[in-house]
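Hi,

Here is the structure I said I'd pass on.

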Amino acid sequence: MVTSSILVLFLLGLTAAAVLAAASKVLHVEEDPRIAEVEGCFPGANCGGCGYPGCNAAAGAIVKGEAAPEICVAGGPEIAENIASIMGLEATFKEPKVANNICTGGSRANLLFDYEGVEDCRAEALLYGGEKSCGLGCLGLGSCVKVCGFDAIRLNEEGVPVVDMNACVSCGKCAEVCPTGAIRVSGMTMDLLHLNKIDDCLAPCMQKCPAQIDVRTYINQMKNGDMRGALLTMKERNPLPLAVGRLCPAPCETICRRNIADDGVAIHTLHRFVADWEMNSGNRVNLNCNPPSGHKVAIIGGGPAGLSAAYFLRRIGHEPVIFEKREEIGGMMKGIIPEYRLPSKVVDWEVQTILDLGVEVQNGVEFGKDITFETLERDGYEAVFIATGAWKVPALELENADAEGVMDAVTFLEEVGKSINDLKGKKVVVIGDTNTAMDVVRSGARLGCDVTSLVGCIQRKMSANKNEVKRASELGSELLFLTKPSRFIAENGKVTGVEYIEVQYKDPKKALGEPLPVEGTEQTIDADLIVIATDRVPDMTPFMNAEGEIPFKLNKKTGGIDCDKTSMQTSVPSVFVGGELHTGRSIIIQAVADGRMAARGIHHFITDGAIPEPVNPQLRVIPESILKNMDVTYTIPRINVPEITVEERRSTFKEEVKGSIVYEAARKEGSRCLRCGLTCYDAEAGAEYAQDSDVQKFSELGKE
Amino acid sequence: MEYFLLFISAIFINNIVLVQYLGACPFMGTSKSTDVALGMGGAVIFVTLMATAITWPLHQFILIPYGIEYLQTIVFILVIASLVQFVEMFLKKVIPPLYKSLGLFLPLITTNCAVLGVAIMVQRNEYSFLKSMMYGLASGIGFLIALVIISSIRERLDVAPVPHVFRGVPIALITAGVMSLIFFAFKGMVA
């Protein structure tokens with residue numbers, strides 16, 4: 001029996017071995033040896049981030065030519081180069097991506113969900129289909145942490161996921177398991193060009209800001225002492241934080257939810273504080289740029305819109321060249337906006353930051369004369385962004401409008417400090433209700449003249465912002481509201497006065513429509529100089545062809561070039577437009593926003609050939625985010641920004657009216673920010689200052 | 001009727017995992033997600049059928065005539081291991097998509113005692129070849145059902161508020177125990 005047992009086992013083993021040997025010969029699958037070689041290059045994470053089930057499958061796809069050598073998300077450029085050398089290819093640049101958490105909600109978002117005992121967002125979605133009142137709130141129980149194979153996510157003390165940018169390989173697993181969409185995987189291009197969507201978690205300030213700046217994040221970063229992070233957050237949307245921090249009328253502050261409780265957060269002041277921090281440190285924060293893509297873009301005009309477009313295009317890897325007519329770039333920021341509002345050294349610093357990225361500038365080049373669309377196309381520019389601004393002040397059709405002593409506001413402001421240095425004892429009349437008019441009034445008053453301003457409406461209806469009007473009045477200039485010039489008086493071709501007439505609305509209470517002249521109210525004032533500042537419009541002559549026609553569709557309302565609202569593409573596909581050339585007279589942040597949107601349009605146009613329509617874009621303030629009642633615990637007084645005295649203002653042009661604030665004050669102001677989401681907010685904001693004597697609980701206010 | 005009862009009893013009353021406690025290792029190891037459980041279950045059905053088809057004649061026509069039934073276990077292990085290797089090679093060559101979708105499960109089955117258990121049990125119960133095949137198929141389905149049930153429970157357990165010390169395998173074993181008790185309730189359904 002022993003013999004038969006051994007024999008049977010031996011024969012059975014032999015048969016099995018023979019069958020397997022024969023099978024391996026017959027059923028042998030020829031595998032390209034490069035697959036093993038390529039697989040050997042991978043870090044072996046088997047994460048599936050590349051879209052293939054594992055590293056072997058990805059290697060197979062590369063060898064078959066179905067995937068690129070840089071497909072591995074866990075490997076860096078070195079690995080891509082190794083793979084490319086095996087395949088005899090060249091590794092192209094692949095922009096690194098990382099996961100990031102967009103929700104700072106933590107436990108407060110938890111309140112918006114109905115869990116019925118289930119403690120995890122994924123379980124909630126599995127059991128109840130994920131029907132929630134907030135589509136974005138992070139619950140902080142960490143499905144993303146569990147699924148991350150690279151230890152790149154942890155929960156912080158507030159229970160909100162924090163991504164380690166260095167460890168994240170953008171495999172996308174965290175974003176996959178997150179049913180609320182609070183974690184996203186994105187790269188620099190996507191981040192810089194992302195346009196607000198109505199399903200993003202948007203605080204009202206972010207909705208109102210034309211540039212879509214992530215206000216709550218930079219305030220929070222600043223508050224936590226991460227000044228570099230705060231600056232980078234701002235620079236994701238705004239390449240000109242110093243100028244915007246000084247010039248922006250801050251529409252974000254008017255919609256700030258804190259206004260319901262006490263005073264809105266001084267966002268504008270904090271914006272400037274963060275921007276100043278970089279300039280005062282003397283060192284520029286390093287900005288990442290993709291390597292040159294070989295796509296050349298011409299930018300006509302070096303103002304805020306042109307600079308903004310150049311900045312975003314360069315950062316995402318394209319090669320913009322700015323063509324500027326003047327000898328200096330910066331547009332109106334340089335030489336027109338007075339020094340006391342925006343010092344020239346500040347503009348220089350800001351512009352240099354953008355130029356340092358590798359943006360080329362050609363000064364003294366005038367569009368229409370030195371370059372045209374044809375020459376630019378011939379020189380290899382794939383797209384053109386025109387942002388020549390609105391520099392022309394329309395002449396008034398009044399008697400003696402061309403007399404000596406009548407000038408436009410732009411020329412006046414440009415000449416201040418050059419040919420206009422002293423106006424002592426002179427009488428100056430400014431006509432208009434614009435911010436430019438207020439600049440003229442303020443500059444005139446500082447030069448010692450007697451300034452009278454004719455404003456054709458009531459103060460509430462002025463296009464100048466309230467603060468500018470206040471500053472103009474502080475210097476003692478006289479603002480004559482509801483007045484309109486009827487003729488200029490001149491002697492020997494030189495202006496000596498203005499005759500004006502009072503105007504009134506049809507219904508003075510409602511103040512609607514254009515005010516009409518009131519018969520018999522004509523009066524005269526003496527004037528040595530009349531400055532027209534009624535409006536500024538784009539100069540379209542450079543764009544006219546030989547027949548005097550403009551090849552673009554024009555915007556009837558603004559007089560500028562019409563374009564698509566989100567891509568800034570004009571009726572000529574390779575030409576994009578932005579800034580005041582498109583919007584007419586506007587605010588700086590609008591120009592910055594236009595520059596970014598144009599950069600997005602140009603990027604898609606030159607890389608894909610077509611510009612995708614943004615999905616669910618946020619074009620106006622989302623009604624649900626406007627809350628009527630707020631349950632905020634602490635009231636903290638809004639920051640007071642130091643200013644130089646009115647007397648000091650009269651004697652200097654060089655010093656800014658508004659001073660800078662100290663870090664502790666900025667931090668306290670930052671603590672007033674409610675870190676709003678779309679519908680949520682931090683009711684306990686400012687709790688860390690609860691012990692301060694000027695901080696009180698709203699609940700205790702009435703008891704005193 | 002006889003075949004139907006054999007089929008039902010192999011699936012529910014004598015469930016290979018929950019009643020006979022065979023294949024508990026892959027039952028725990030591959031039941032973390034339903035997708036994986038389905039793949040493993042499918043592969044087990046396939047191999048069980050193949051193994052039964054080969055080991056039955058081997059036992060009947062070689063081991064019994066030579067009186068060496070005591071070699072049953074070692075012979076069956078050898079046959080099943082070789083069979084799995086062969087199936088793996090065959091699928092890789094002939095049906096690559098199926099090979100890819102089965103992936104790691106085929107080699108895992110080599111060490112799956114449920115397959116060996118079925119091969120041995122059909123001999124113990126002295127089933128005919130057809131009955132053996134029916135039993136093999138039903139046992140495989142029973143394994144699949146048990147695996148899918150526990151995997152869907154475990155997916156939810158993963159995100160449920162389980163006390164920390166019980167998380168993972170402990171709670172899975174407790175769940176398997178409870179499931180086993182539930183399957184014992186089928187006892188007596190068939191006389």
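This is a predicted model: local features need pLDDT of at least 70, side-chain atom pairs count only at pLDDT 80 or more; totals for chains, interfaces and linings use all residues.

Let's start with the helices. In chain A, α2 (residues 33-41) packs against α3 (residues 55-64) with the axes 8 Å apart and at an angle of about 125°. Angles over 145 would count as roughly antiparallel and 65 to 115 as roughly perpendicular, so α2(A) is oblique to α3(A). Their crossing is right-handed. On the α2(A) side, A:R34, A:I35, A:V38 and A:E39 make the contact, and α3(A) brings A:C55, A:N56, A:A59, A:G60, A:I62 and A:V63. By type, the residues of this contact are six nonpolar, two polar and two charged.

Next, the cores. The largest nonpolar core has 162 residues, and the members that touch the most others are A:I386, A:F412 and A:I530. Helix α24 of chain A (residues 588-607) is the biggest giver here, with eleven residues. Leaving aside residues up to four places away in sequence, A:I530 touches A:G405, A:V406, A:M407, A:V429, A:I431, A:F488, A:V495, A:G497 and A:V498. Another core lies apart from that one; it has 51 residues, including B:A10, B:I11, B:V17 and B:V115.

Last, a loop residue. A:D379 sits between α19 (373-378) and β8 (381-386) of chain A.

Cheers

Terms used: Residues are numbered from 1 along each chain as its sequence is written. Chains are lettered from A and ligands numbered from 1 in the order in which they are written. Side-chain values use heavy atoms; hydrogens and water are left out. Axes are lines fitted to C-alpha atoms, for helices over the stretch in contact, and angles run from 0 to 180 degrees between N-to-C directions. Helices (H or I, at least four residues) and strands (E, at least two) are DSSP runs, numbered from the N terminus. Angles under 35 degrees count as roughly parallel, over 145 as roughly antiparallel, 65 to 115 as roughly perpendicular and the rest as oblique. A crossing is left-handed if the near helix is turned anticlockwise from the far one by less than a right angle, and right-handed if clockwise. Contact means heavy atoms within 4.5 Å. Ala, Val, Leu, Ile, Met, Phe, Trp, Tyr, Cys and Pro count as nonpolar, Asp, Glu, Lys and Arg as charged, and the others, Gly among them, as polar. A nonpolar core is a set of buried Ala, Val, Leu, Ile, Met, Phe, Trp, Tyr and Cys residues joined through side-chain atoms within 4.5 Å. Buried means under 20% relative accessible area, exposed over 50%, partly exposed in between (1.4 Å probe, protein chains only).
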